[in-house]
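The structure is shown first.

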Amino acid sequence: MRLSHRLRLTIATAGVSGLLVAMVFVGTYKLVEGSDVRAAEDALVPVLNQVMHDINKGRPPDLREAQESDPRVVTTAFHDGLVYASTASAPLDMQGAGLARLHGATYAFRSLELNQWKVVAAMSLGPLEASLTRMRMLLGLLFLPIVGLIGGASFLAARFTFKPLASLADQASAISGTDLTMRLAVQDDAEFGALSKQLNALLDRIQVGTIKQEQFVGDAAHELRTPLAVLQGILETTLSKP
């Protein structure tokens, strides 16, 4: 089954729009995810600074006090490679900064070392992951309705766009071979208006050719009338004799 140009245009528009919407959704998701992860990593810095301040002053780090400044952050302090204290359910031992998967959860972490001390601050990204999951579901639910609306709008726009062409087809079907004086209505100077002018010019050429052909036939009949009459008289006279 051949598809109409209107339907082809609708499918093409919906496909391209769907791709663009998907790219925007993915980009938005990645942007939000990256922003939330950076915010979590930045929240670790004040806690680490507070713990390291105690160490710089020669005091044992008070992890409980540091945790009170941001309850989302858990810390673990190591002294000479051994766990000195920890506010986490299980000591967290990571190096540097980044993301890590431990104890069935994803953590954003940072670690600092000074003398025999090493302090690791981490924040669980469980709430963030739950929020991102809801965001993915919302974007997934919105995708099809948005593409559907764009496709419907494209179909209506294509219908309106091709309406002058349908009008030209109706006018062309009304032109008969016996009446070549009819012409197509030129509505504007856009694409279909230019098409109407070209078709009208074609009809003008056809009409001129038809008129010339009729003139030729008339002239030929007039020129042949006298010789045919003489020939007819001779034949009639000849046939009248025994």
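Predicted model: local features only at pLDDT ≥ 70, side-chain atom pairs only at ≥ 80, totals over all residues.

Leaving aside residues up to four places away in sequence, Met123 touches Ala40, Ala43, Leu44, Asp70, Arg72, Val73, Thr106, Tyr107 and Ala108.

Met123 also belongs to the largest nonpolar core, which has 26 residues. Within that core, Met123 is one of the members that touch the most others, together with Val51, Ile55, Val73, Val119 and Leu125. Two or more residues of the core are supplied by each of α1 (5–56), α2 (63–69), β1 (73–79), β5 (117–124) and α3 (126–161). The largest share comes from α1, which gives 12 residues. As a general background, nonpolar side chains in soluble globular proteins tend to be buried together.

Attention may now turn to a pair of helices, α4 (residues 163–174) and α5 (residues 191–240), whose axes come within 9 Å and cross at roughly 20°. Because angles under 35 degrees count as roughly parallel, α4 is roughly parallel to α5. The handedness of this crossing is right-handed.

On the α4 side, the contact is made by Pro164, Leu165 and Leu168, and on the α5 side by Phe192, Leu195 and Ser196. By residue class, the contact of α4 with α5 consists of five nonpolar residues and one polar residue, with no charged residue.

Technical notes: Residues numbered from 1 in each chain as written. Heavy atoms only, no water. Core = buried A, V, L, I, M, F, W, Y, C linked by side-chain atoms within 4.5 Å. Buried < 20%, exposed > 50% of the residue type's maximum accessible area, 1.4 Å probe, protein only. Helix = DSSP H or I, 4+ residues; strand = E, 2+ residues; numbered from the N terminus. Contact = heavy atoms within 4.5 Å. Axes fitted to C-alpha atoms, helices over the stretch in contact; angles between N-to-C directions. Parallel < 35°, antiparallel > 145°, perpendicular 65-115°, else oblique. Left-handed = near helix turned anticlockwise from the far one by under 90°. Nonpolar A, V, L, I, M, F, W, Y, C, P; charged D, E, K, R; others polar.
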